[in-house]
Structures are given as C-alpha cells and as structure tokens.
Amino acid sequence: MIFGGIMAILEGISALAKDNVFIATSNYTFQFNLTSWGWIHLILGIVIAVAGLALLTGAMWARAVGVVLAGIVMIANFLWVPYYPLWALTLIAVNGFVIWALCTSHRDTSAR
C-alpha cells in the first residue's frame, strides 16, 4: 500500500506540474483537466500511504480501509487510462495485488 500510495503521489505531482508526457484526449467521457486529476491522485496517494503505514502497526481497521482505498484508486486509475495508459494499468495491477493481499487469510503464528 505504501508503494502504491507513493506511486499515486508521483502521478499527482506529475499531473500538477503539467508534464508533457500525458496524452491529449478529446471527447473522453470522464474528461477533467490535468490539474484536477493531479489533485485527485495526490490526495488519494497520501491517504493510501498513511493507511499503509497504519497497516504496519497491525491495526485491523487499516485492512478494511486499505481495501476500500485501493478499490477507489483502481477506479481513479481506470479513468486515468487515456492520459497515461502504461502507468494507469500498472497501478491498477498493483492495487489489485494490494486488495488480494489484504483479503487473504493471515494465520496467527504466535500460537505455536
């Protein structure tokens, strides 16, 4: 989650800096300006990175919040695909892995 959050933060900073690596799309249904997308990804990245840090403490609420946030970031990156397809698809895969990792059963090894 921390890695995915940092990647989303970098994505947001890049969009806010109006970097010229983004594809100019026309007639896209979910079209926002680049600054709006930058703020969306920056805020989501910060929140998911903080939840990832809370997850390291073993907080159970962080697992549930992490699943929800990773899902939201996946949706945001799906909507971001026309602007930077490779980055968006990579982060969709990373967040899919995060959801899988958070939802799998973790056995308590201290009972041994």
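**Overall.** I am working from a predicted model. I looked up the elements and found four helices and zero strands. From the N terminus on, they run α-α-α-α. Of the 112 residues, 38% count as buried. I then checked the contacts between residues at least 6 apart in sequence: 70% of them join residues at least 24 apart.

**Helix 2, length.** I took helix 2, residues 34-56, and tested its span. At 1.5 Å a residue, its 23 residues should span 33 Å. The end C-alpha atoms are 33 Å apart, which agrees. After helix 2 comes Gly58, where I read a positive phi, near 90°.

**Helix 2, buried side.** I listed the buried residues; among them are Trp37, His41, Leu44, Ile48 and Ala51. The spacing made me recall that an α-helix has 3.6 residues a turn, so residues three or four places apart point the same way. What do the buried residues of helix 2 pack against? I found helix 1 (2-16), helix 3 (60-80) and helix 4 (85-103).

**Helix 2 with helix 3.** I looked up the axes next. They come within 9 Å and cross at roughly 155°. Over 145 degrees counts as roughly antiparallel, and helix 2 and helix 3 are therefore roughly antiparallel to each other. Their crossing is left-handed. From helix 2, the contact includes Leu34, Trp37, Val47 and Leu55. From helix 3, it includes Trp61, Arg63, Leu69, Asn77 and Trp80. I sorted the residues of this contact by class: 18 nonpolar, two polar and one charged.

How values were computed
Residues numbered from 1 in each chain as written. Predicted model: local features only at pLDDT ≥ 70, side-chain atom pairs only at ≥ 80, totals over all residues. Heavy atoms only, no water. Helix = DSSP H or I, 4+ residues; strand = E, 2+ residues; numbered from the N terminus. Expected span 1.5 Å × (residues − 1). Buried < 20%, exposed > 50% of the residue type's maximum accessible area, 1.4 Å probe, protein only. Contact = heavy atoms within 4.5 Å. Axes fitted to C-alpha atoms, helices over the stretch in contact; angles between N-to-C directions. Parallel < 35°, antiparallel > 145°, perpendicular 65-115°, else oblique. Left-handed = near helix turned anticlockwise from the far one by under 90°. Nonpolar A, V, L, I, M, F, W, Y, C, P; charged D, E, K, R; others polar.
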